[in-house]
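Here is a briefing on a predicted model.

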Amino acid sequence: MRQIGHFIGGKHVAGTSGRKANVYNPATGEVQAEVALASDAELDAAVQNAKTVQPAWAATNPQRRARVFMKFVALLNENMDELAEMLSKEHGKTIEDAKGDVIRGLEVCEFVIGIPHLAKSEFTEGAGPNIDMYSIRQAVGIGAGITPFNFPGMIPMWMFAPAIACGNAFILKPSERDPSLPIRLAELMIEAGLPAGILNVVNGDKGAVDAILTHPDISAVSFVGSTPIARYVYGTAAMNGKRAQCFGGAKNHMIIMPDADLDQAANALIGAGYGSAGERCMAISVAVPVGEETANKLIAKLTPMVESLRIGPYTDEKADLGPVVTKEAQARIMGLINHGVEEGAKLVVDGRDFKLQGYENGYFVGGCLFDHVTPDMDIYKTEIFGPVLSVVRAKNYEEALSLPMKHEYGNGVAIYTRDGDAARDFASRVNIGMVGVNVPIPVPLAYHSFGGWKSSSFGDLNQHGTDSIKFWTRTKTVTSRWPSGIKDGAEFVIPTMK
Ligand code: NAD
């Protein structure tokens, strides 16, 4: 059995805690590796190592730090096929989608190549008599990132790229479901010229997370995962004196106005609802057609599209989506679909019996489409995180707008319309962090910032964009006045004998 340990101080290190977790191939259900789960002592060893090298890294001029990322971006591109396969094999998503996962992280690395400019700060000449005032942004020291299974390439890079570019050392605690890619990324960072010990990967579960949250030498924690854990990490990090940015779950709505291009809207819903088996925090899981006619037409368009989704292992180049990540996830999703039927929603497309010959033990769930879902139902309130789309019919625009606004989550939302006034009103009033206008998954690019509102986010600074530079640095403001020196003391008028 392949053993996955940790990556500390630029080297692979075997786990010593004796605790391990299985890493599955979701398409076959086979255990393909075991990943070590770190103890407090192993996490501490990584931190102690990072402490010795971080000051020199912070003192390395920002252009040199940027050059590591230039090389790293080139290495990601050179190794893209290998990285995507490694990702798909443990996550289950298709190869093309896995490449998208890596590329979205790569784009954050491209963004931080601008670190010499991004981390420049403020200066006021003459803030008082002979007084100048300036602010400098200094690395926080040692940062940590705790990441979910669903984007094992993009999300670690969201965090470690700005953290390291700012001069920090970084401890990454990836998801124990798909830990191979994060370790490979750390190897490539070394190949790109990063000094050993600046990027460390410590695998683990709650034990390693708690060790991070209570470690006195870790100053900042970035978390992405489910809302209950995000809330816990935020509170525990804050109690231990750390800054924290914690991103949680989602239930993203798409409003379809009567004037929308329905073919475009249906295509968008299929990609955003079922791509990556619905395991995206920006997946659209609720469609809100406005008016009965819009709803009926939309259901008529969606039904054959959901029925004909091609579901397969990542090795099937034609597959639209793969399996879900674990047997437990599969059982949970199936349970929610059954519950939705019991609650009275109409299961227009029923994917519960989906089976794939040769992959009977894989964690597949067929595409499901619910109609007549209402806001009081559990399938509406809960994040299903599977290939299940719920249609909630709204009578008018105001009712449609009120749905995402009243929902617990506030990650992403979209509106499909040809009416600029409706779109503008929607973008202005909706209490959701990321809004798409005729764009189904409005994931901001690396130079803007990513983050939801309400129970989708705890903390005040988002991922990537200039927010990330603020999060991974702290401000020091210097007020300086120099006593009069040679300038005033010197005599420029020719001395005379008065
Ligand atoms: P998860 O919350 O189960 O795990 C996330 C991380 O927390 C993992 O590293 C895991 O090891 C750790 N963890 C798990 N249980 C813990 C516990 N009890 N105490 C401390 N740490 C614990 O999430 P997941 O299943 O890996 O990912 C899916 C979730 O992530 C979904 O809810 C999805 O919406 C969310 N997500 C959110 C965003 C976003 O930006 N808002 C992005 C991607 C995923």
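The C-alpha centres of domain 1 and domain 2 lie 31 Å apart. Domain 1 covers 2–248 + 456–478, and domain 2 covers 252–437; these bounds come from an automatic or database domain assignment. The model is predicted: local features need pLDDT of at least 70, side-chain atom pairs count only at pLDDT 80 or more, and totals for chains, interfaces and linings use all residues. Residues are numbered from 1 along each chain as its sequence is written.

**Domain contact**

- Domain 1 gives 18 residues to the contact and domain 2 gives 22 residues. Two residues are in contact if their C-beta atoms, placed from the backbone, lie within 7 Å.
- Helix H3 (80–91) and helix H4 (95–112) each supply at least two residues of the side of domain 1 that touches domain 2. Helices (H or I, at least four residues) and strands (E, at least two) are DSSP runs, numbered from the N terminus.
- H3 provides the largest share of that side, three residues.
- By class, the side of domain 1 that touches domain 2 has five nonpolar, nine polar and four charged residues. Ala, Val, Leu, Ile, Met, Phe, Trp, Tyr, Cys and Pro count as nonpolar, Asp, Glu, Lys and Arg as charged, and the others, Gly among them, as polar.

**Ligand shell**

- The ligand is surrounded by 26 residues. A residue counts if its C-beta atom, placed from the backbone, lies within 6 Å of the molecule.
- Pro148, Gly225, Ser226, Gly249 and Cys281 are the closest.
- The shell holds 11 nonpolar, 10 polar and five charged residues.
- Domain 1 and domain 2 each contribute at least three residues to the shell.

**Open sheet**

- Three strands make an open sheet, ordered E6-E7-E23, with antiparallel pairing. Two strands pair if DSSP finds at least two bridges between them.
- Strand E6 (123–128) and strand E23 (473–481) stand at the edges with a single partner strand each, so one side of each has no neighbour in the sheet.
- Neighbouring strands of this sheet are turned by 30 degrees against each other on average, direction ignored. Axes are lines fitted to C-alpha atoms, and angles run from 0 to 180 degrees between N-to-C directions.
- Three bridges join E6 to strand E7 (residues 131–139). Threonine 124 has methionine 133 in E7 as its bridge partner.

**Record annotation**

- UniProt lists residues 14–478 as "domain: Aldehyde dehydrogenase" in an unreviewed entry. UniProt positions follow the numbering used here, feature names are shortened, and annotations may be inferred rather than shown by experiment.
- The end C-alpha atoms of residues 14–478 lie 45 Å apart, and the span is 42% helix and 20% strand.
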